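Trainee: Could you take me through the aromatic rings in this model? I would like a close look at how they pair.

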Amino acid sequence: MRTHASWLFEPPAGVRSPSMPRDFSPWLDALRAGAALTVLFGHMAHVRFAGGDYYFLREWNVASDAVAVFFVLSGVVIAYASERDGTLGRFAFHRLTRIASVLVPALLLTMAFDAIGTRIDMSAYPKGYYQELSPGEFLFRGLTLTNLWTGTGDWVRLGSNGPIWSLSYEVAFYLIFGTLIFLKGQLRVTVLALMVLLSGVPILVMLPAWYAGVLTWHIASRSQGQRSRAAYRRIAVGSLLCLLCLKVTGVPLVLESLTATALAPNNHHHLLVYSNEVLWNAVIAVGLAIHLMAVWRLTEGLPSRAPMAMTRLIRWIAGGSFSLYLVHYPTLQLLDALLPDDLPGHNIWMLLITLAVCFAFAALFERPIKSFRAALQTLAHRSLSGERVAKSP
């Protein structure tokens, strides 16, 4: 018997969820896992963490590139999810539970780790990498993910957890996309205008990169391949090689210089915050979108060929990538305060402990998302059933 909560939790009658080629989803997982680990390595390469041994990763700015990859992958997945969910209620429920199940404990862990670390060694929390906030402001800006929304006041860093900046962008993208897809008429115009005013320029200039993922999903799922498999294989490999060549030949620096010149005399870092490489991020988005559409063509209509053991490992890492992203930085900061610089194998210990903390966190909060959602559904059903019983004569 369908309950009054059906509008939120059950698929619409007669609606068929879109599907991906069997090997396309594992490839998305592989890219997501690789991007999460790249962010970790890019941040661990800071001199204060690894003593400068891997500072070339900072010079290459690999962590920033990986976040651009995350944005495109997110656009693909969210476009798919919006069609699968079918209604604003289901879409909002799945996005909210996905974020809250990891974000809330990650914020609490950040507060705890920062409190411990700053008392042990405040010098491990240098200015620019740590911002002390009152618990109220920390939780409000963190739970609402408005810490970089320029329409809500000055942007803030949530303690030592700088990487949360991208989640502030992500939520704005979800809200803008959901508004465009599910709302109509004057309500759509009003909500969209409000989102534009609140989120601000740094977030809006990165929206096209995220939307490249949305277009990837729509083009790939609604069109037929017109080329040979060999041609798509060349496109899939060539698009990544092209991005790599552009990277090693210094194109990102040229594009950022163009951005700085266009915004002069204003400081482009001040105006764009984490979007200072907006032009290069757009190039990454286009290149990755082309790559993903070619991979889609290569995998559609074929049985899965991915090695089972490798697929399981990739899926396991990807299944904890959200936790890895949100928890690694406060963990690195705490370990920097705790571990002696002359500890034998210092960098290995730092990496292994950070991975252990992040994946243990994922086991507790990220991987049980289905159980978390099921518990909320059961609670909602019981609550609504109780209301009907109470109202019956």
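Mentor: Start with a charge. Arg95 lies over the face of Phe91, 5.5 Å from the ring centre. The term needs NZ of Lys or CZ of Arg within 6 Å of the ring centre and within 35 degrees of the ring normal. Arg157 sits over the face of Tyr329, also at 5.5 Å from the ring centre.

A word on the source. This is a predicted model, where local features need pLDDT of at least 70, side-chain atom pairs count only at pLDDT 80 or more, and totals for chains, interfaces and linings use all residues. Residues are numbered from 1 along each chain as its sequence is written, and side-chain values use heavy atoms, leaving out hydrogens and water.

Now the pairs. The structure holds 23 aromatic pairs. Rings of Phe, Tyr and Trp (its six-membered ring) pair if their centres lie within 6.5 Å; planes under 30 degrees apart are stacked, over 60 edge-to-face, the rest tilted. Phe49 and Tyr329 have ring centres 5.9 Å apart and planes at 70°, so this pair is edge-to-face. Phe49 is in helix α3 (residues 47-50) and Tyr329 in helix α17 (residues 321-338), so the pair ties together parts 280 residues apart in sequence. Helices are DSSP runs (H or I, at least four residues), numbered from the N terminus. Phe49 is buried, at 1% relative accessibility. Buried means under 20% relative accessible area (1.4 Å probe, protein chains only). Tyr329 is buried too, at 2%.

Next, Phe71 and Tyr169: their ring centres are 6.1 Å apart and their planes at 10°, so they are stacked. Phe71 is in helix α5 (residues 62-85) and Tyr169 in helix α8 (residues 165-182), 98 residues apart. Both belong to one aromatic cluster, with Phe91 and Trp155 among its other members.

Key:
Helices (H or I, at least four residues) and strands (E, at least two) are DSSP runs, numbered from the N terminus. Buried means under 20% relative accessible area, exposed over 50%, partly exposed in between (1.4 Å probe, protein chains only).
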